[in-house]
Amino acid sequence: HWPSDTHEFQAETQKLLDIVARSLYSEKEVFIRELISNSSDALEKLRYLQMTANDITDAQTPLEIHIAVDDSKKTFTIQDTGIGMSKEEMIENLGTIARSGSKAFLDKVKDANLSDVNSNIIGQFGVGFYSSFMVSEKVDVYSQSYKPGSPAFKWSSDCHGSYEIAEAEGVQRGTKIVLHLKGDCYDFAKEEVLKEVVKKYSNFVGVPIYLNGKRANIVQALWLMEPKEITSDMHEEFYRYIGNVYDKPRYHFHYKTDAPLNIRALFYVPEYKPTMFDMSRETDVSVTLYSRKVMIMAKANTVLPKWLRFVKGVVDSEDIPLNLSRELLQDSALIRKLRQVLTNRMLKFFTEQAKKDKDRYMDFYHDYGLFFREGIVTTPEQEVREDISKLLRFESSKCAPGEMIGLEEYASRMKAGKRNIFYLSAPSRELAESSPYFEAMKKRDEEVLFLYEAYDELVLMNLGQFDKKFLKSIENEIVDDKEDTDTVDEKDEDSLRQDEAKTLMEWMRGVLGNQVSNIKITKRLVSHPCIITVAEMGSARHFLRTTLADKS
Ligand code: ADP
Ligand code: MG
């Protein structure tokens with residue numbers, strides 16, 4: 001046996017270890033993620049050294065991670081064939097924690113009740129390796145550095161004040177970590193338990209991971225591949241896997257950028273029509289957040305706005321640290337930026353699809369268009385709201401029935417100087433075209449969008465403006481018509497005489513009393529005898545009518 005050295009942890013490290021070991025109750029399993037990602041880092045480093053033609057111990061050993069659990073011995077073992085550590089590196093990397101980080105951590109928790117020190121705080125300070133102390137009463141680390149001729153060492157700690165280092169024999173290149181589990185953590189020695197956790201955190205890690213000899217991670221990280229290399233079968237399989245569904249994707253969107261931050265995103269829109277469950281605002285966003293293929297968060301509600309919850313997929317960003325806490329995932333500037341970029345790109349993507357294949361887009365719009373309406377009314381920024389509204393489609397008085405246009409197309413044919421985009425809510429084209437409101441606009445040769453869904457009227461009212469033009473219901477517009485006067489056109493043979501009109505208006509005023517604010521003579525109608533105009537809340541009328549009708 002080799003003589004062993006005993007080392008004390010730095011004072012701060014020691015205090016920190018106590019806190020770490022005692023405070024993570026609910027998310028103990030994250031130690032597996034941390035150890036896997038350390039192994040994966042060590043393998044990446046070795047891969048890099050191989051490419052740069054260095055002398056490497058056991059150069060032929062394949063790059064792999066092996067996890068073994070033993071329910072009788074209550075041990076968890078993880079072994080990699082990565083870069084390994086020398087004695088100095090073990091002291092440096094496993095015996096100390098960046099001073100500033102641990103100091104700040106301790107300052108933060110000094111006054112706090114220990115039970116408040118939850119996984120969030122721990123996560124923020126990135127104590128990856130030490131997370132293994134939460135579940136262990138003893139941790140042994142065996143490591144053989146890649147440097148030829150460098151001896152192997154065993155590092156061992158009882159997870160409290162000190163650790164020992166001694167030379168070791170028979171260690172293969174890389175690092176092997178053996179956790180002797182604590183009494184309340186014996187579950188982590190069970191293969192069934194591990195299978196789920198390993199799958200959850202590392203399905204896409206780039207090197208093979210074996211659990212008790214069986215391959216555990218199998219799915220390729222498609223989002224990191226070149227779009228050209230991915231076949232539609234691969235997309236289909238991947239979509240089914242991540243979405244936990246059995247149909248096909250109708251759209252896929254693959255996006256890569258390195259500025260303003262590193263993003264690799266792969267999103268899918270299902271072929272199936274949204275279910276009641278999909279429509280519910282309670283439903284989470286179905287996007288999983290990764291950093292370098294290691295899962296950070298499933299159902300990452302903060303990386304896309306809620307109204308895009310019908311999109312299924314993954315986002316990977318190297319800029320997001322593994323240990324980012326849940327709170328920071330909620331509202332860090334980084335996540336906000338990520339959400340902003342992704343929302344923007346998705347809107348662009350849908351706009352392109354609408355141009356590229358109109359029929360396909362209209363099918364999608366009929367199934368998923370409600371989410372866009374939700375987006376408009378739930379987004380605070382007017383600019384984004386207007387971008388979403390470009391995706392809406394309506395029939396128009398200037399188009400054949402069945403043909404639908406967007407606000408951009410309407411705006412593009414507006415005559416110079418015109419400020420209003422007109423719409424009319426009506427249950428059908430027939431009723432819209434025979435409406436007295438429309439008759440008046442037709443006489444003026446104005447294009448009118450027909451809204452057959454009552455909620456569209458509320459959406460456009462809520463939107464207010466598009467491209468500096470006002471969205472106006474023609475039921476409102478008509479209130480200030482210049483053709484409303486007090487005198488009849490005496491030259492018109494079909495018209496009432498002035499005194500007849502006066503008598504009629506007096507009679508109507510008497511009957512209607514203060515139920516109307518005014519009664520006037522109008523010349524704007526052609527075939528209708530009269531028109532009722534409503535100054536305020538007029539556009540909500542159809543909506544109320546239909547909802548009340550539904551209720552009764
Ligand atoms: P981080 O991974 O954020 O650096 P950790 O506490 O997880 O912090 O790990 C500390 C350091 O220990 C790593 O940076 C690395 O140098 C070393 N290390 C941990 N695990 C391994 C391993 N399996 N192989 C080689 N080095 C390792
Ligand atoms: Mg780490």
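The following exercises, with worked solutions, concern side-chain contacts in a predicted model.

Residues are numbered from 1 along each chain as its sequence is written, and chains are lettered from A and ligands numbered from 1 in the order in which they are written. In this predicted model, local features need pLDDT of at least 70, side-chain atom pairs count only at pLDDT 80 or more, and totals for chains, interfaces and linings use all residues, while side-chain values use heavy atoms, with hydrogens and water left out.

**Exercise 1.** Classify the ring pair formed by Trp155 and Tyr163.

*Solution.*
Step 1. Rings of Phe, Tyr and Trp (its six-membered ring) pair if their centres lie within 6.5 Å; planes under 30 degrees apart count as stacked, over 60 as edge-to-face and the rest as tilted. The count by this rule is 35 aromatic pairs.
Step 2. The ring centres of Trp155 and Tyr163 are 5.2 Å apart and the planes stand at 20 degrees, so this pair is stacked.
Step 3. Trp155 and Tyr163 are both buried (under 20% relative accessible area, with exposed over 50% and partly exposed in between; 1.4 Å probe, protein chains only).

**Exercise 2.** Describe the salt bridge between Asp367 and Arg250.

*Solution.*
Step 1. A salt bridge requires a side-chain nitrogen of Lys or Arg within 4 Å of a carboxyl oxygen of Asp or Glu. The structure has 28 salt bridges.
Step 2. Between Asp367 and Arg250, the N to O distance is 2.7 Å.
Step 3. Asp367 belongs to helix α11 (residues 358-378) and Arg250 to strand β10 (residues 249-257), so the pair links parts of the chain 117 residues apart; helices (H or I, at least four residues) and strands (E, at least two) are DSSP runs, numbered from the N terminus.
Step 4. Both partners, Asp367 and Arg250, are buried. A network of salt bridges links Arg250, Lys273 and Asp367.

**Exercise 3.** Determine whether Arg292 and Glu318 are buried, partly exposed or exposed.

*Solution.*
Step 1. The side chains of Arg292 and Glu318 form a salt bridge at 3.8 Å, N to O.
Step 2. Arg292 sits in the loop between β12 (286-291) and β13 (294-297), and Glu318 in the loop between β14 (312-316) and α9 (326-331), so the pair ties together parts 26 residues apart in sequence.
Step 3. Arg292 has 52% relative accessibility and therefore counts as exposed. Glu318, at 42%, counts as partly exposed.
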